[in-house]
Amino acid sequence: MLDRASMVGGKDAPGEMLAWHVEGMDCASCVAKVRTAVERLPGVSGVEVNLMAERLILHRMAGGASPAAVEKEVGALGYRPTRLATTSTPAHEHARDGEADDRGEDHHGHTHVVTGAHAGHLHAHSEAEEAEERAGLPWWRTTKAYLAASLGGLVAAAWVLSYLFPREAYWIYLAATLAALFPFGRRALAVARAGTPFSIETLMCLAALGAVVIGAAEEAAVVVLLFAVGELLENVAAGQA
């Protein structure tokens, strides 16, 4: 459980509450990646990540990591953060005597203590604004949809070329696999640097590279494509939920 001191970064430390809408989170693993990465930033505390609302909320102490640094960290994981309007909140406003605490549990069962002033910031948006933020883009216009379509075209092109140049089929599929692995490999490295070395992206990349090593480049390319399609379907299901 987070106590009030940890929530505001110290009794007398001034700071502000910051919030982002994070596009692309569609599972508990995504939430854990974002939370782990952001909690490692200096001067950041009280990190809360809401999967269904696609919301990241944190307290930034004076001199702590800048909002741009937070956005860069989250963006490196493959998600798209959009800053939401908040107001500066000195710590002494949170610690005033007589304020009631609002207690809640996240989807992992962790209890977070949120002061009355903090709760006011979390609910400052009108219902219409909340609906607009949750609406987002249609699934076929998301980054994951574009990625799945691009990888599908790449694998299809490799399949056609393998019939035109059967002797070079292995190298064609190898090139397709490496090109398809690039976005996931970059994300796997970013997640590893953020404190989650054994992510699903890392395991998928190792599986595809292992298939290439044993001479199954065609299967490796299909594995990467199926992973991209699976991520897209997961995102669609989360959006409908």
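Begin by selecting Ala-68 and Lys-72, which are exposed (over 50% relative accessible area, 1.4 Å probe, protein chains only) and lie on the other side of helix H3 from its buried residues (under 20% on that scale). The model is predicted, so local features need pLDDT of at least 70 and side-chain atom pairs count only at pLDDT 80 or more, while totals for chains, interfaces and linings use all residues. Residues are numbered from 1 along each chain as its sequence is written, and side-chain values use heavy atoms, with hydrogens and water left out.

An α-helix has 3.6 residues a turn, so residues three or four places apart point the same way. The buried residues of H3 pack against strand E1 (15–23), H2, E3 and E4, where contact means heavy atoms within 4.5 Å; helices (H or I, at least four residues) and strands (E, at least two) are DSSP runs, numbered from the N terminus. H3 is followed by Gly-78, whose phi is positive, near 100°.

Next, show the open sheet of four strands, which has the order E2-E3-E1-E4 with antiparallel pairing, two strands being paired if DSSP finds at least two bridges between them. Strand E2 (44–50) and strand E4 (80–84) stand at the edges with a single partner strand each, so one side of each is left without a neighbour in the sheet. From one strand to the next, the twist averages 25°, with angles running from 0 to 180 degrees between N-to-C directions of lines fitted to C-alpha atoms, for helices over the stretch in contact. Helix H2 (residues 28–39) packs on the sheet, touching E2 and E3, and its direction makes about 170° with that of E2.

Then move to the largest nonpolar core, a set of 28 residues; such a core consists of buried Ala, Val, Leu, Ile, Met, Phe, Trp, Tyr and Cys residues joined through side-chain atoms within 4.5 Å. Helix H7 (143–164), helix H8 (169–193), helix H9 (200–213) and helix H10 (217–240) each supply at least two of its residues, and H10 gives the most, with nine. Apart from this core lies another, of 25 residues, among them Val-22, Cys-27, Ala-65 and Val-70.

Finally, centre on Leu-151, which touches Ala-180, Phe-184, Val-224, Leu-225 and Ala-228, not counting residues up to four places away in sequence.
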